[in-house]
Amino acid sequence: MKQSTRFSLSFRFENNRLKQSRGNLPTEPKKTEKKQTVTQDSGFNSEAKEKLQELTAELDNMIGLAKVKELVKEITAYVEICRRRQRYQLKSESLVLHMIFMGNPGTGKTTVARILGKMLAELKVLPKGHLLEVERADLVGEFIGHTAQKCREQIKKAMGGILFIDEAYSLARGGEKDFGKEAIDTLVKAMEDHKNEIIIILAGYEKEMEKFLRTNPGLRSRFPIHLHFPDYTTDELLEIAALMVRERQYKLSLGATEFLRTYLQEQLETKRINFSNARLVRNLLEKAIRRQALRLVQQQVYGRNDLMLLLREDFEEIQAEETNFAENVLLLPNR
Ligand SMILES: Nc1ncnc2c1ncn2[C@@H]1O[C@H](COP(=O)(O)OP(=O)(O)OP(=O)(O)O)[C@@H](O)[C@H]1O
Ligand SMILES: [Mg+2]
């Protein structure tokens, strides 16, 4: 980590490709130039390389999110090249990797952050790479001095990894007098003091985050990387359902797939306020799995295929209210 303090320039992605250098471009490598393979010159051993490949596959396995995946790969490639350049005593820039993830609930923000944290640990940018997910209540206190203390506790726990602040815009909710402002100031200070030991990701709905950044002009430049997580289409949600079902060793009957398609299409068209994309799909499946269990126990006779198959009737009774209930109460610990 120490050597990365020699970098000096931050970089801005905002879902664009890495800006190309416009300096002199004697880019063709000389034939005589001695090249070394990754493992010879980089300090990344083959185990780290393998782990990185696994993590990339995990990311690729996620449905959709083409731009997010591309940007994550750009970030990790850039980090890797910066570190290699250091080994050749070439100028390399300061890695400012604090980020903003914008998107609606269930669009994959936490999942991507978790994978990215592990990638950055393999690249030796983060000592540990774990992810600590917090929200306003974890950071903002109720009396003077309480906020700083709460923030310090969370920062300590996140040290070596990623501090992921969900609904970050709520920190600015109460205006000047609110302790949320103190939380922001404490976080900014921690970013300076521990710049090589922690990455902060602010997450939240697109509009609110934009507003939040406008109310705190200093923040934008401290968080140079912006990732946008779009809502999934019906087809993508169905693919996500298929993936989740496969991972759990279940199968969807044709009728169940049809039901899901119609249900998700309806939900997307009406876009209920708390429409929660992939999380909605996960909740539906988990509920259907419980209903299937009840059905099988009641019918008493069943074989291997029955144990795997989810039928239309397992989904049919699920009402939107129940889904929302499951979202808020039953599934929170797995987020
Ligand atoms: N593209 C995807 N492919 C497969 N599964 C996905 C995808 N996106 C999300 N999921 C799954 O959906 C669930 C919710 O995702 P996640 O928690 O990452 O969303 P989030 O954007 O952090 O939501 P929130 O804003 O509500 O915290 C997880 O189980 C995750 O694995
Ligand atoms: Mg999340």
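Me: Is S170 buried, exposed or partly exposed, and how many C-beta neighbours does S170 have inside 10 Å?

Reply: The general idea is a neighbour count: a residue is buried if 20 or more other C-beta atoms lie within 10 Å of its own, exposed if 12 or fewer, and partly exposed in between, with C-beta atoms placed from the backbone. S170 has 19 such neighbours, so S170 counts as partly exposed. Keep in mind that this is a predicted model, where local features need pLDDT of at least 70, side-chain atom pairs count only at pLDDT 80 or more, and totals for chains, interfaces and linings use all residues. Residues are numbered from 1 along each chain as its sequence is written, while chains are lettered from A and ligands numbered from 1 in the order in which they are written.

Me: Where does S170 lie?

Reply: Helices (H or I, at least four residues) and strands (E, at least two) are DSSP runs, numbered from the N terminus. S170 is in the loop between β3 (162–165) and α7 (179–193). E167 lies in that loop between β3 and α7 too, and has a positive phi of about 45° although it is not a glycine.

Me: Which helix holds N277, and what is its phi?

Reply: N277 sits in helix α12, with a positive phi near 45°. N277 is buried, because 23 other C-beta atoms lie within 10 Å.

Me: Which residues around ligand 1 come nearest?

Reply: Near means that a residue's C-beta atom, placed from the backbone, lies within 6 Å of the molecule. There are 20 residues around ligand 1, and P105, G108, T110, T111 and A278 come nearest. The elements giving two or more residues to this shell are α4 (109–122), α10 (234–247) and α12 (277–299).

Me: What is in the largest nonpolar core?

Reply: A nonpolar core is a set of buried Ala, Val, Leu, Ile, Met, Phe, Trp, Tyr and Cys residues joined through C-beta atoms within 7 Å. The largest one here has 56 residues, and F101, I201 and L202 have the most contacts inside it. Helix α4 gives the largest share of this core, seven residues. Apart from it lies another core, of 19 residues, including A241 and L252.
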